[in-house]
Amino acid sequence: MKRILSGMQPTNNLHLGNYLGALQNWVKLQDEPEASCLYMVADLHAITLPQEPDALRKATREIAAAYIAGGLDPDKSTIFVQSSVPGHSELMWLLSTFAQMGKLERMTQFKDKAGKNAERAGLGLFAYPVLMAADILIYKATHVPVGDDQKQHLELARDVAATFNTKYAQEHFLLPEPYIMGEATRIMSLKDGTKKMSKSDESDLSRINMTDDADTIARKIKKAQTDPENLPETVAALAGRPGALNLVTIYAALAGCDRANVLAQYAGMGWGAFKPALADLAVAKLSPITARMNELLGDVAEIDRILKAGSEVAGALAERTVQETRDIMGFWKM
Ligand code: AQP
């Protein structure tokens, strides 16, 4: 039996990178035999950077709607909001006593997000990987779908689990494995093919949001970074052309084919021909999802009902692990 746990932060609307790199894979996982999937809206992680309360509340529902519109089925997957299960925060504190400062200091995501202001960064941003360890270990997840940027955090979760198990001489926490879903799809910014497409990029033109309408998608793709060369015949010839490579990657991911297949069709053509074809494909793929999302957001009571049911399932699993952990550690019991 596999237990899978993953989540996304409600820092803004989901974008095409979140969909092609994560959500699309989660949908496939929920149909795997013997898999039990838990997908959370990771709002406790979102507050590691400043958030406005109303915007956080709105984004939380929007992400839940995007999960469902993108294909997660509440009858197959447990969909819930991280903060509605208090055990995540409690277990994080318990586990923080097993996480070594030296290892946390080496986390590249902290360095990237704190930037030059590391001295002023909050403790939460620094301790983020311990919360992620709690998210995973609380459900005794066996597999965690992770991108390259999260592998280091998963390693920390394994490390914390193993340290705990050794200290108390029992196999209490499972050591989670990374779930690699074939070739990772990393979608880059439409304005700069060397930077990943990101929810928190200041420029809205850098990403295609799952809420964008057809005209907006076409306009953003039209303005996307390319170069004066036509499309080449081989993938190797895209080296050193990050903007061009990104658009070909997006096309391939949307069409469900290899980049080589895309080039076989478009080699020798200019961007004036390719970009409209890419825009049409993106609209065809995203517009049904956007329409379903808008429909769901018109009935927030239904989203809340799904999240409440998910929280009850996740909460029961989490509570059991927290209680067991408290007992093992020797806490007083009422
Ligand atoms: N550009 C991307 N290409 C492929 N996959 C991506 N993911 C994010 N960006 C891309 C995957 O989406 C999931 C959600 O990640 P997250 O919400 O925890 O935050 P993130 O990875 O930091 O994503 P963003 O969009 O860049 O958010 P912000 O700007 O808030 O930090 C993960 O599985 C991630 O791999």
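A surface patch, as the term is used here, is made of residues with over 30% relative accessible area and no salt bridge, with like charges joined within 9 Å and nonpolar side chains (Val, Leu, Ile, Met, Phe, Trp, Tyr) joined within 5 Å. By that definition, Lys191, Arg219, Lys222 and Lys223 form a positive surface patch. The structure is a predicted model, in which local features need pLDDT of at least 70 and side-chain atom pairs count only at pLDDT 80 or more, while totals for chains, interfaces and linings use all residues. Residues are numbered from 1 along each chain as its sequence is written, and side-chain values use heavy atoms, with hydrogens and water left out.

**The positive patch**
- Lys and Arg count as positive and Asp and Glu as negative, whereas His and the chain ends are not counted; the place of a charge is taken as NZ of Lys, CZ of Arg, CG of Asp or CD of Glu.
- Lys222, one of the patch residues, lies in helix α9, which covers residues 214-223 (helices are DSSP runs of H or I with at least four residues, numbered from the N terminus).
- Lys222 counts as exposed because its relative accessibility is 66% (exposed means over 50% relative accessible area, buried under 20% and partly exposed in between, with a 1.4 Å probe and protein chains only).

**Around Ala224**
- Ala224 is found in the loop between α9 and α10 (242-255), and with 6% relative accessibility Ala224 counts as buried.
- Apart from neighbours within four places in sequence, Ala224 is in contact with Leu190, Leu247 and Lys275 (contact means heavy atoms within 4.5 Å).
- Although Ala224 and Lys275 are 51 residues apart in sequence, their C-alpha atoms are 8.8 Å apart in space.

**Salt bridges**
- The structure holds 18 salt bridges, each being a side-chain nitrogen of Lys or Arg within 4 Å of a carboxyl oxygen of Asp or Glu.
- Arg57 and Asp54 form one of them, with their closest N and O atoms 3.0 Å apart; both residues lie in helix α3 (residues 53-69), three residues apart, or about one turn of the helix, and both are exposed.
- Asp204 and Arg207 are joined by a salt bridge of 3.5 Å, N to O, in which Asp204 is partly exposed at 36% relative accessibility, whereas Arg207 is buried at 4%.
- Lys308 and Glu312 meet in a salt bridge of 3.3 Å, N to O, and these exposed residues both lie in helix α13 (residues 300-329), four residues apart, about one turn of the helix.
- Through shared partners, salt bridges join Asp204, Arg207, Asp212 and Lys220 into one network.

Note on methods:
Areas by Shrake-Rupley, 256 points an atom, 1.4 Å probe, with all protein chains shown as cover. Helix = DSSP H or I, 4+ residues; strand = E, 2+ residues; numbered from the N terminus.
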